[in-house]
Amino acid sequence: MKYESQAVAKPYFIFALVLFVGQILFGLILGTQYVIGDFLFPEIPFNVARMVHTNLLIVWLLFGFMGAAYYMIPEEAETELHSPKLAMALFWIFAAAGTLTIIGYLSVPYATLAEITGNDLLPTMGREFLEMPTITKIGVVVVALGFLFNIGMTILKGRKTVVNLVLITGLLGLALMFLFSFYNPDNLALDKYFWWYVVHLWVEGVWELIMASILAYVLIKVTGVDREVIEKWLYVIIAMALISGILGTGHHFFWIGAPEYWLWLGSIFSAIEPIPFFMMTLFAFNMVNRRRREHPNRAATLWALGCAVMAFLGAGVWGFLHTLAPINYYTHGTQLTAAHGHMAFYGAYVMIVITIISYAMPIMRGRPNGNSNKAQVVEMWSFWLMTVSMVFITLFLTGAGVLQVWLQRLPESGEALSFMATQDKLAIFYWLRLAGGVVFMIGLAAYIASFFVGGEEPQLEKAQ
């Protein structure tokens, strides 16, 4: 670790992993409720478990992104962080707000939570993924402003690199798009139109910039390839991501009352969206093949390569499968959407956060060359357990989605089955998905356990 202030990333990473465990636990609860409807009812109803599962996902990834920025930017800028104290203060504010919000979801009815948090004064609650109380949203804005000020001042006083500039552009976009969560028009079509400005333009727009910059940083460190080569790739990838991602928002506007031209715009630019993810895959493997050194942190390299592949499959291939308007007409809102969402989030964002944690955490713990070989073996087992189980979860949900379309929207003869009658036919897929979730949880436990495995630090070797 070159700069002392990089250490502020450590609590962000630790808390992110704690929330990740919570997210998967609630995912298992949801998976069980799909097949055993009254499981944990009325203590944790399905709608509450789903709300906690998705909100924990978003919040722990934000903690991961913030930790990544606090670790990367001082080293890239070649200067200490502007204010480590501010970074720690914002950590405790964000952690407290997130924890209290989850407690609120679990302890009182959602309508009561809205009433006691002042939602009547500025109504923002009740929308999927943006369920957090208005007061929490305001807290997130305050934390984001303090965070951007801190890293912005650090970049201004230090070296300006492409990695830093792409990262802060993505983070600025993240904060800017979040402001649309405060806009809650009465018209449902208009509400959904701008709701996607947060949800889509985060995950298929500015978050891709954050992912690309973190991937570039780790590849620079573990391969020794010239920065100029990696930066050229980075420019092309983010240009394609923004061109396709911004107008690709249109694939969410097909059936909400938006103008007809979105059928064409949404379909055409959605077809382009897999390209930047495919370019990331080529980029990652190309850089590793051209490496000048064999970095002893083999686990971090594995996560980086796996992230590029799984992001392409989940966000690119599975996204493309059902975003063209003539196909989406039948698949919209089915389990195919869930299949795409699970693999895309895991491949693109969960894996990139784990990549930077796997690279940076050993360094912050006094192991500049990575964890011991024994620990890395455990970590690589966790990689394969989580990744393979997520592939199977996606395949099971894809099978459920195809059957759902066939039975509910494309019946072979007679009338389509009702929604609930169709769900009964999908039960086998839900049981298999639950089994996949259990294996994923075992993989996550192995990942966390890897940090507690002892052994001698590996030595830096030259590439052959």
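**View 1. Lining of the second largest pocket.** The second largest pocket is lined by 18 residues, and V140, A144, F147, L174 and A175 are those nearest its centre; a pocket is an open set of points on a 1 Å grid over the protein atoms alone, with protein on both sides within 12 Å along at least five of seven lines, and lining residues have an atom within 4 Å of a point. Its volume is about 260 Å³, taken as the space filled by probe spheres set on the points, which are joined across faces, edges and corners. α5 (134-157), α2 (46-77) and α6 (162-178) each supply at least two lining residues, with α5 giving the most, seven. By class, the lining has 18 nonpolar, no polar and no charged residues. The model is predicted, so local features need pLDDT of at least 70 and side-chain atom pairs pLDDT 80 or more, whereas totals for chains, interfaces and linings use all residues. Residues are numbered from 1 along each chain, and side-chain values use heavy atoms, without hydrogens or water.

**View 2. Lining of the second largest cavity.** The second largest cavity, with a volume of about 40 Å³, is lined by I58, L62, F129, L130, M132, V140, F178 and W202.

Terms used: 1 Å grid on protein atoms, 1.4 Å probe; cavity = no way out; pocket = protein on both sides within 12 Å on 5 of 7 lines; lining within 4 Å. Helix = DSSP H or I, 4+ residues; strand = E, 2+ residues; numbered from the N terminus. Nonpolar A, V, L, I, M, F, W, Y, C, P; charged D, E, K, R; others polar.
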